[in-house]
Amino acid sequence: MKIVACNSNLPLAEKVAAELRMPLCNVSVRRFADMEVFVEIHENVRGEDVFVIQSTCSPTNDNLMELLIMLDALRRGSARRVTAVMPYFGYARQDRKSGPRTPISAKLVANLLVEAGANRILTMDLHAMQIQGFFDIPVDNLYAAPLFTRDIKGRIEPGSLPYAAPALEIPGGFENLMIVSPDVGGVVRARQLAQRLNVDLAIIDKRRERAGVSEVMNVIGDVRGRYCILVDDIVDSGGSLCNAAVALMNEGAVAVEAYVTHGVLTGSAVSRVAQSPIRMLTLTDSIAATEAVAKAENIRQISTANLLSRAMRAVSDESSVSSLFD
């Protein structure tokens, strides 16, 4: 078993390697003067079970090319099996034709990964579950819900987590906690977390009256006096998440937090979250934190290294990965 790290999220790769008590494989991933990607593996990988850790986040195309070229290099180096570990799967939002003459880019990326030499995909919280069907190779889709559940419970009981975390004080007690899906499409994800915590669920219905007009928010469920936690898989510009927080506060929620798996956070998203009613936005480290995220007072990250390392060990040992969903 060998672990290879590309450049998109080296801190996470190093944490995963530390969890597995294995060194990262000695590789070089660099650019020519015209920005072509060049990969060189400085260790023998013949007959090895190799895991390549690379999130295809911004710059998405550069990181995707790094991954594809690394997969090709490992295949030509006669690796026995190559697993692409993609904590964040880029292009996942393009999982269907959204209009006439539009691509299904997630399917194209799936084809590219297989053609480049991936024998297996390990990812987390795919934007759309049907993307697993775009592959003709095994796909293990992990969930951040167990991490979020442990974090929320641990924050209610200070000192019970193995890492520092801000205390979660809910007026009226734990029964006043409510999980909220920011849109109808995320109801399944939010329901899973609500069931794990055994709390109520609310849904935000958002729609545009016409093009260029801001979204109308309707809250389905009684959130008055409740401590609301928004749950989503991706926060990009942050507009929908912040608008949802405003709608919840307008409906009488006592406070709003958010738990999101992938913090894409493009443009002015960090400042938008900072100025919003969101008391705390908790992200995973599937995407490396930018300087702005690291400095933000109401944004924090929790590590996925333990979850990913256990999944990688299970894949290597041919044991159950589904046990990690509990």
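Domain bounds here come from an automatic or database domain assignment. The model is predicted: local features need pLDDT of at least 70, side-chain atom pairs count only at pLDDT 80 or more, and totals for chains, interfaces and linings use all residues. Residues are numbered from 1 along each chain as its sequence is written, and side-chain values use heavy atoms, with hydrogens and water left out.

The protein chain splits into domain 1 (2-142) and domain 2 (144-302), whose C-alpha centres are 29 Å apart. To their contact (heavy atoms within 4.5 Å), domain 1 gives 14 residues and domain 2 gives 13 residues. Together the domains bury about 1,100 Å², 53% of it on carbon and sulfur atoms; buried area is the accessible area (1.4 Å probe) that two parts lose on being put together, summed over both. On the domain 1 side, Y88, M124 and D125 lose the most area to domain 2, together 44% of what that side buries.

Between domain 1 and domain 2 there are 2 salt bridges, each a side-chain nitrogen of Lys or Arg within 4 Å of a carboxyl oxygen of Asp or Glu. D236 and R93 form a salt bridge in which the closest N and O atoms are 2.9 Å apart.

The structure also contains 3 aromatic pairs. Rings of Phe, Tyr and Trp (its six-membered ring) pair if their centres lie within 6.5 Å; planes under 30 degrees apart count as stacked, over 60 as edge-to-face and the rest as tilted. F148 and Y259 make an edge-to-face pair, 5.1 Å centre to centre with 65 degrees between the planes.
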